[in-house]
Amino acid sequence: MSTPAPRPDRPVAVIGGGPVGLTLALELAHYGVASTIIEPRVKVEHSRPRAKTTSARSMELFRRIGAAREIRTRASIPVSWSKEVRFCTSVAGRDITWISDVLGLELEGSALTSEAGQQVTQPVVEEALRALLATSPLVETRYGSRGLDVDLTGDRPKVTVEDEAGEVSTLSAEYVVGADGSRSIVRAALGAHYEGAPGGRPNVNITFRSRTLGAMVPARNAVHHWVLDPGAPGMVGPMGRDDQWFAISTGTESVADDDEAASIVRALVGADIDVEVLATDPWQARLLLADSYGADRAFLVGDAAHQNPPWGGHGFNTGVGDAVNLGWKLAAVLNGWAPDSLLDSYEAERRPIARQTIELAANNMKHLSIELASPDLVAEGAHGDEARAAAAERIQATKRDEFHALGLVLGYGYGPSAAAQAPTTREYIPIAAPGNRLPHSRNPEGESLFDLLGAEVTLLGAASSAWADAAAARGIPLVVVDPVAHGFPPVAGDDLVLVRPDQHIAWRGPVSADPGAALDLAVRGFAAAS
């Protein structure tokens, strides 16, 4: 039998096949660009759920590439099941207060967005993305392989790869992207470094099964139960509507064995329930930002570029935003309709968003269960009642920004008007200005404005044929559509609005504007704020 010819190298090598790397590969395939994913895990491990919230903005971005429906189909908890977070003395104990309409779950059918958030564990998201990638001939997935080294000294990056059998080979590509987390070999090759606090606050995740816990929680469903007992501060939440749960013990550095893990769970629950420990996962909440996101032929996305605590659910979602931003720009350059200089805007646009996200997570971290807990909260009688009432007021005052963050989730932008549409992380005021996410709307039939957008560049409004001519002269794939003709309200009065592939506005101006000058802005990106 003859040996098959080696598969030709693909334009983009993605080192790391977690959810961010998978998103990048899907994004590239969406524009017809081939890539190779190098990922050591052959199978997705469900015992460590990692991220549990996919934000409304991430779901919008996933909708563009056909992934939102796949994720929702696989999610164990539908959006309608609960939109609330509970604070309590223990899972089986007293309520202290509830926060409603949390984490973008309340946005189902909203005019503000095309998609609501989704409670779903990271492994489920990964499996959904893997399933979609498996149908694409443009993506080569090398599961079971790991990147050993990246060489950026030549014209093309070269990646040394070891496969599952221990065979070592070299892969070259036009671009290499590090989606390989905190120990990124791409970051090392770039000479980039994390800035911030390398040491973090300790926590332990415990995933477990319990047949009896479900009967002890309130009939009023909650996606999280925050436990404020000073003897057992932390959080417990469902991983589905069956008997599988997660727990986070805040302030705990490690657990010796499953017996200790089960004791921690029972303390959080406040009852002697049955506990089958599936996994324990010590981790530290770190606040780190890479001093460079890359340049030329190598770039960083996700945890390779930034690390922030999960409080508020923004870490993984920030990585999805990175992948989409870099993905369409790489595709535009490789497909020949944008200059190489467009890639310079990746760091300029995304690094400030990561910094803002880290700052919010750091603020959220000041008010965890371990800070909110007090012996008075578990006291009996009038003294305990008064303490719990006071704690409820404090929680409502300090925790709402963690669970109501539309200013960050929907309001982040890359131009000078971004701050105006997000005066606080909680507030979002849609403004149709360059750099901002296109304000969303629905027509009387409930259809989403975003579904009118083309795959690449879209002009919204009643435009002349000169736009198509100018786009054709530049090789820019342009779709022209008038939302009003489809029953949507005008996006920006009588102005035209030019929208990038990531649903952010590249330009807004009058019908009389020069199409060529406007289209040139679509392939320029936004510079770093001075």
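Tutor: Start with a term: buried means under 20% relative accessible area. Keep in mind that this is a predicted model.

Student: How many aromatic pairs are there?

Tutor: Rings of Phe, Tyr and Trp pair if their centres lie within 6.5 Å. By this rule, the count of aromatic pairs is eight.

Student: Are the planes of F299 and Y346 stacked or edge-to-face?

Tutor: The ring centres of F299 and Y346 are 6.1 Å apart. Planes over 60 degrees apart count as edge-to-face. The planes here stand at 85 degrees, so the pair is edge-to-face.

Student: How many residues apart in sequence are the parts that F299 and Y346 tie together?

Tutor: F299 sits in strand 18 (residues 298-300). Y346 belongs to helix 8 (residues 344-364). The pair therefore ties together parts whose separation in sequence is 47 residues.

Student: Are F299 and Y346 buried or exposed?

Tutor: The cut-off for buried is under 20% relative accessible area. Both F299 and Y346 are buried.

Student: What kind of pair do Y412 and Y414 make?

Tutor: Y412 is buried, and Y414 is too. Their ring centres are 6.0 Å apart. With planes at 55 degrees, the pair is tilted.

Student: Which residues form a negative surface patch, and where does D257 lie?

Tutor: The patch is formed by D257, D258, D259 and E260. D257 is partly exposed, with a relative accessible area of 40%. D257 lies in the loop between strand 15 (244-250) and helix 6 (258-269).

How values were computed
Residues are numbered from 1 along each chain as its sequence is written. This is a predicted model: local features need pLDDT of at least 70, side-chain atom pairs count only at pLDDT 80 or more; totals for chains, interfaces and linings use all residues. Side-chain values use heavy atoms; hydrogens and water are left out. Patches are made of residues with over 30% relative accessible area and no salt bridge: like charges are joined within 9 Å, nonpolar side chains (Val, Leu, Ile, Met, Phe, Trp, Tyr) within 5 Å. Accessible areas come from the Shrake-Rupley method with a 1.4 Å probe; for residues, only the protein chains shown count as cover. A salt bridge is a side-chain nitrogen of Lys or Arg within 4 Å of a carboxyl oxygen of Asp or Glu. Lys and Arg count as positive and Asp and Glu as negative; His and the chain ends are not counted. The place of a charge is taken as NZ of Lys, CZ of Arg, CG of Asp or CD of Glu. Helices (H or I, at least four residues) and strands (E, at least two) are DSSP runs, numbered from the N terminus. Buried means under 20% relative accessible area, exposed over 50%, partly exposed in between (1.4 Å probe, protein chains only). Rings of Phe, Tyr and Trp (its six-membered ring) pair if their centres lie within 6.5 Å; planes under 30 degrees apart count as stacked, over 60 as edge-to-face and the rest as tilted.
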